[in-house]
Amino acid sequence: MDSAKNLSTSFSTMRNLAMGSVLALLLVALAAGFLVYRAYENSGRRVYVVGQTGSVAALSAPTTETHTAYEARNLVRNFMQTMFGHDQYTYKANLDAALPLIEGRGGRRIYDGFTRGQVLQNYERYAARNVVTVDSVSIDMNHRPWSGRVYIKQRIFIGGEQKEPLPLAAKFNLTETNRSDANPYGLLITNFDYIPYNPQVSREELQALKEQEADRQRALLEAQRSAGAVAPDGDAPTTQPAPALPAAPGK
């Protein structure tokens with residue numbers, strides 16, 4: 001009887017030892033896996049990729065953030081207003097702010113157009129400025145690659161005089177990128193290309209331009225009268241042609 005009792009006790013002890021060993025092995029395996037994961041993650045963070053938007057870790061933690069059409073429209077609106085709207089004092093700063101929002105090839109294409117058109121030189125020569133109004137931005141985020149179109153008007157001012165608005169439109173794609181101080185949107189404009197856009201100038205704006213030109217002519221006439229330059233027969237004086245507009249971005 002004692003032998004049977006001792007055998008049962010031994011069996012229970014061995015079973016408990018086996019279960020304890022299995023549990024300990026499981027805990028060791030989990031701990032080892034966690035340590036390997038942390039070591040792999042930390043080693044990856046020591047490798048950096050340098051790009052236009054800054055330096056980022058080669059291994060990025062998974063993200064569940066999503067981009068909205070509202071955020072995408074803000075990106076495009078901000079890009080167009082800073083890339084195309086400036087004067088001689090804000091030209092460089094605006095381009096520095098806009099270029100990180102677009103891929104390198106597209107940004108260089110726009111900048112080269114400004115250089116060929118001598119935009120900065122014309123700003124300085126005529127004390128001009130370009131004010132951008134965004135008419136509309138449409139974004140399609142239902143299909144990848146995301147795509148969109150933007151329509152703007154450029155209003156050139158030379159001194160206090162506004163010239164006829166210059167419309168501009170473009171199509172583009174959007175890709176996801178790392179957020180940074182230079183690009184807080186986490187989106188990048190790609191495949192930027194100009195498209196036709198010829199909206200009608202509103203009746204109010206045409207009237208304002210006519211009144212502005214009439215005021216300019218009256219002021220010029222008064223100045224010439226004060227200088228004794230009016231012809232004896234009362235003919236209207238010959239006016240000098242207005243200086244050329246700052247060049248529009250090359251397409």
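**View A. Packing of helix H2 against helix H3 in a predicted model.** Helix H2 (residues 69–84) and helix H3 (residues 91–98) pack at about 150°, and their axes are 7 Å apart (axes are lines fitted to C-alpha atoms over the stretch in contact, with angles from 0 to 180 degrees between N-to-C directions). The two helices are therefore roughly antiparallel (an angle over 145 degrees). Phe-79, Thr-82 and Met-83 of H2 meet Asn-94, Leu-95 and Ala-98 of H3, contact being heavy atoms within 4.5 Å. By class, this contact has four nonpolar, two polar and no charged residues. Helices (H or I, at least four residues) and strands (E, at least two) are DSSP runs numbered from the N terminus.

**View B. Strands E7 and E8.** Strand E7 (residues 166–176) runs antiparallel to E8 and is joined to it by seven bridges; pairing requires at least two DSSP bridges. Asn-173 has Thr-190 in E8 as its bridge partner. In E8 (residues 187–195), seven of the nine residues are buried, so the strand is largely enclosed by the rest of the structure (buried means under 20% relative accessible area, exposed over 50%, partly exposed in between; 1.4 Å probe, protein chains only).

**View C. Backbone at Gln-118 and Pro-145.** Gln-118, not a glycine, has a positive phi of about 55°. Gln-118 lies in the loop between helix H4 (104–116) and helix H5 (119–126) and is partly exposed at 39% relative accessibility. The peptide bond from Arg-144 to Pro-145 is cis, with omega near 0°.

Residues are numbered from 1 along each chain as its sequence is written, and side-chain values use heavy atoms, leaving out hydrogens and water. In this predicted model local features need pLDDT of at least 70 and side-chain atom pairs count only at pLDDT 80 or more, whereas totals for chains, interfaces and linings use all residues.

Definitions and conventions. Parallel < 35°, antiparallel > 145°, perpendicular 65-115°, else oblique. Nonpolar A, V, L, I, M, F, W, Y, C, P; charged D, E, K, R; others polar.
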